[in-house]
Every structure is written in structure tokens, then in C-alpha cells.
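Hi everyone, thanks for making the time. I'd like to walk you through one model today, so let's bring it up on the screen.

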Amino acid sequence: MDFDRQSGLFLHIASLPGPDGIGTLGEPAETFVDFLADSGQSLWQFCPLGPTIPIHDNSPYQSYSAFAGNPLFIDLEDLVERGWLAELDRPDFDDGHVEYGPVREYKEARLEDAFETFQAEASDDERAAFEQFKDDAGEWLDEYALYRALRTHFDGVSWLDWPEDAKMRDPDALEEYREQLSETIEFREFLQWLFDQQWSELKDYANERGVGLVGDMPIYVDLDSADVWANPEIFKLDEEREPQYVSGVPPDEFSDDGQMWGTPVYDWETLAERDYGWWVKRFERLLQRVDIFRIDHFKGFESYWEIPADADTAREGEWVDGPHEAVFHAVRDELGDLPIVVEDLGEITDEMDRIRDELDYPGMNVAAFADWCDGDSRYHPVTYDENSVSYTSTHDTDTLVGWYEDLDDRQRDCLHYAVDYEGGDVHWDILDTVWGSDSVITLAQVQDPLGYGSEARFNVPGTEEGNWSWRVSEDALSGDVAQRLYDITEATGRLTD
């Protein structure tokens, strides 16, 4: 589909300011929408929205479900207004970083209180709305709620370590578990209803202010997820449902041994026999929430690095042919034109470029990857073509200021020349240059117009601690920053009606 020439900012929901120790979908999110609108930005991009797994550093790219929302983002003030919670007695949370352990303990207790009040006092209309949500959601909600209830019942261990009847999904056993755990199941459904309601209100608010929401779809799902437990046949698992192969990337300049991501790989033959039905449902669910979305690791649809699950390093993997464009054709046949941007970085092949171009999806450019002394460099702003989405930096890179401070003298001199730097805050000159490029969409981490350094970095790939926790302060989102960003956006023709 055709996109308008526009621009926006990246900020994950968790990074919003607010009193709950983590960003929420209520006033904190609406305040950021106001900042975007005031600064002339028409897009807000964020990470995947699913419930995160604590042992994976709460990465939004490793979730218990590809369909569910993260209950930690539910706004508690809304529940107070509904009469389901009393006044909130909040701990003194860190304003600069998410302390996931204390936040989870506090919010889950409050959400359980709200559920108990709902059960006892909800009106007929509220109960009817809840039942309608469950009917509309269908299979994914049934499976997810049962999976989370079972996980709690079995003391939080992975489904691979559950008793055989639950692990292997014996139908009679699952029916008994549904009866035994009915209240816990309903609690999980209740949380998804709250998330869905609050998200819908946020989307309406953003769209009314001229701001579109940009989501993110990881290609893989976590092994310890409702997705794999409920759909084992579409993954390469053995008879005991242990993974035969896992995903990753081969050795490169950043890693001598490559990377083992640990997520199971798909059985694309089985998916093709089923007309990619699971993918159609996944796309449909995301499109209910966002206006545009990015597909992470688009390379994996062309070919993917498949590593034996018992391998010591990713070196033991091999390239395996993926479904190419077939999955996208199947989804498009069901859902129509798709507002997709693809992450086509890393191991680039002619076939991957052909698939992207055949589908007419914009690819990505990242200014922080540029060789600023080479005007033909793929990531140099002078080379960006219209059908692309360009970033100053991304959630997986350092901030602009942090990256700039690490440049060698030669690259820094070339950059100064390319962005017409004459002193002052260089991050504004870089942003202005990217905004002025031919790319139809440009995006920046919110840290970049704020001029923040490496201390505000959101994620360092390949590390397992200290990521995904940075938060912006409300004071930082000032009118001066908004005005300067608005002026650049207007001057580069990216304001939308």
C-alpha cells in the first residue's frame, strides 16, 4: 500500500513516564500522543506488546503469546474510576528505569483486587461486554488463558516440564483442568479484556490527533509460549515436543560464534498445507491494534539459519529455504493490502530484495550504520530511495549522541560535511538530514531529539541484563523540543493533514 511522506518517534510503552513504575495505556500514553502531535509527528512506533518473560530480561521480543497484551501496561487509574480499585498506595518507583520485579508484584496484586471487585459488583452491561470480548477473541484467548493458568498451577515452570497429560494436550485432561482452574482462567481473560479496551481507547485518541500507531512483529515466538504449546505441529519439534532445531544467525563481524536465539523454527511445509492459517490470524490480530507494522528479521522468510537444538554454538547451523512470498500472498488474500515495513538489515541477498520488491514493502535504512565517507553507502542518507523507512537510530543501536561520540575522527569529519554541521547539537543536524531524505517515512528514537547519550540506550543485542528498562521523564518532553522537531518536519515536507 502507499504511504504518505511523514515522520514519527519510537518509544516503547514501558518507557513512558508515569507513577506506576512502568508506562501505561492511560494518561501517560495520551500525554505522549499530545507531544507527538505538537511536534508534527504522525507516527508512534513501539516494540511488541505481548506479556514478557522475566527470565528473558523482560524482552518484548520474547513473550508468552504473540496475540496477548502485556497486563503491566494496564492503567490502574482507569480501574479506580470504574470503582474496581480503591485509591492506589504506590511504592516509590524509579522514574528513570523499570524495576520489573517490584512493578510486577505491585501491579498483579492490584489487578487481582480489581478482578475480585468486578466479579462481585460488575453491572450487567460490564459483564455482557466481557462475555462479548471473549466470544470475539476466540481460540487464541482460550489457549492463552488456559496456558497461563496451567503455568501458575505448575509453579511457573515451562510447559515442557508439565505433567505428560498437560504437556501433550490430552483432551480429557485439558477439560478437567479448565474446570479446576476456571477462576484463574477467567482472571487471565479479564486482564486481556482490560488491555484490549484501554488499547482501543488509546488508538482512537491517537488517530483523532493525527497519529498512527506502528507495531512490531517478531518472526519467531518463544518456546515457552502459548503459541508453541497450543500449535506444536507448526514447529519443528520431536515426538516429546522438544525443539529439534532453534533459530539464530551465523558468525559475523559482531560474533565469532554467531547467535543462538533459542526459539523453535517453523515447519513451513505444514503451514503451507494449512494455507498459513496461523499466520493469517497473527496478522489479523496485530492489525486490530496498529495502523502500520514492522516485520522483524524479514530475512527469515527467504532463508533462515537453522541450528540443531543440541548444538554448542550457532556455527553448527545451516541456511534453510523459507516460504518466500507465499505466506504474504496467503495473508493478503484473506486480509487485503497490508501496511507493512520490513526489517531487511543484516544478511542481505538478491532473493530477499526481490521478495521485498515484489511485495512492494518498504525496507529499512539506519543512519547509524552509514559509512559517512562513502556517498554510495547503502545507509548514507543521500542514497535513500522513496520506498524506504529511515531511522536515525533504533532500539537495538546506541542513541545518536552515544554513537556519534564513538566515531573515529575520519567518520566524524565526513559526517560533519554530510549534515552541514556548523557547531552546536549535532543530533539535530543528523535528524534534519534524515528527515530531508527521499524516504517516505522517517523515525527516530525519542532519545535522539532529546540529545541523550549511551546512558539512555534501550537495548544492547547479545547481552542478557540491563535492557528494556529505560524510561523518559515527563519534563523532558518539553515544548522547546516539540517546536524544533515541528520546524524540521515542516521544512522537510513531512507534516500530514
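Before going on, a word on the ground rules. This is a predicted model, so to speak: local features need pLDDT of at least 70, side-chain atom pairs count only at pLDDT 80 or more, and totals for chains, interfaces and linings use all residues. Residues are numbered from 1 along each chain as its sequence is written, and side-chain values use heavy atoms, with hydrogens and water left out.

For the terms: two strands pair if DSSP finds at least two bridges between them, and helices (H or I, at least four residues) and strands (E, at least two) are DSSP runs, numbered from the N terminus. Four of the five residues of β4 are buried, where buried means under 20% relative accessible area, exposed over 50%, and partly exposed in between, with a 1.4 Å probe and protein chains only.

Now for the open sheet. Its eight strands run in the order β9-β6-β3-β2-β1-β12-β11-β10, with parallel pairing. β9 (340–342) and β10 (363–366) are at the edges with a single partner strand each, so one side of each has no neighbour in the sheet. On average, neighbouring strands are turned by 25° against each other, direction ignored; axes here are lines fitted to C-alpha atoms, for helices over the stretch in contact, and angles run from 0 to 180 degrees between N-to-C directions.

What about the interior? The largest nonpolar core has 158 residues, and those that touch the most other members are F32, W44, F190, Y266, W279, F283 and F328. By core I mean a set of buried Ala, Val, Leu, Ile, Met, Phe, Trp, Tyr and Cys residues joined through side-chain atoms within 4.5 Å. Helix α8 (residues 182–208) gives the largest share, ten residues.

On to the helices. In α17 (residues 426–435), eight of the ten residues are buried, among them W428 and W435. The elements covering them include β1 (6–10), β11, α15 (400–405), α16 (409–418), β12 (441–445) and α18 (479–491).

Helices α3 (residues 100–121) and α4 (residues 124–137) pack at an angle of about 115°, their axes 9 Å apart. F118, Q119, A120 and E121 from α3 meet E126, R127 and F130 from α4; contact means heavy atoms within 4.5 Å.

Last stop: S225, in the loop between β3 (212–217) and α9 (226–230). Is S225 buried or exposed? With 0% relative accessibility, S225 counts as buried. A polar atom of its side chain lies 2.6 Å from the backbone oxygen of D222. Leaving out residues up to four places away in sequence, S225 touches S63, Y64, S65, Y147 and W159.

Technical notes: A polar contact is a pair of N or O atoms within 3.5 Å; within protein, one must be able to donate a hydrogen and the other to accept it, and residues adjacent in sequence count only if both atoms are side-chain atoms.
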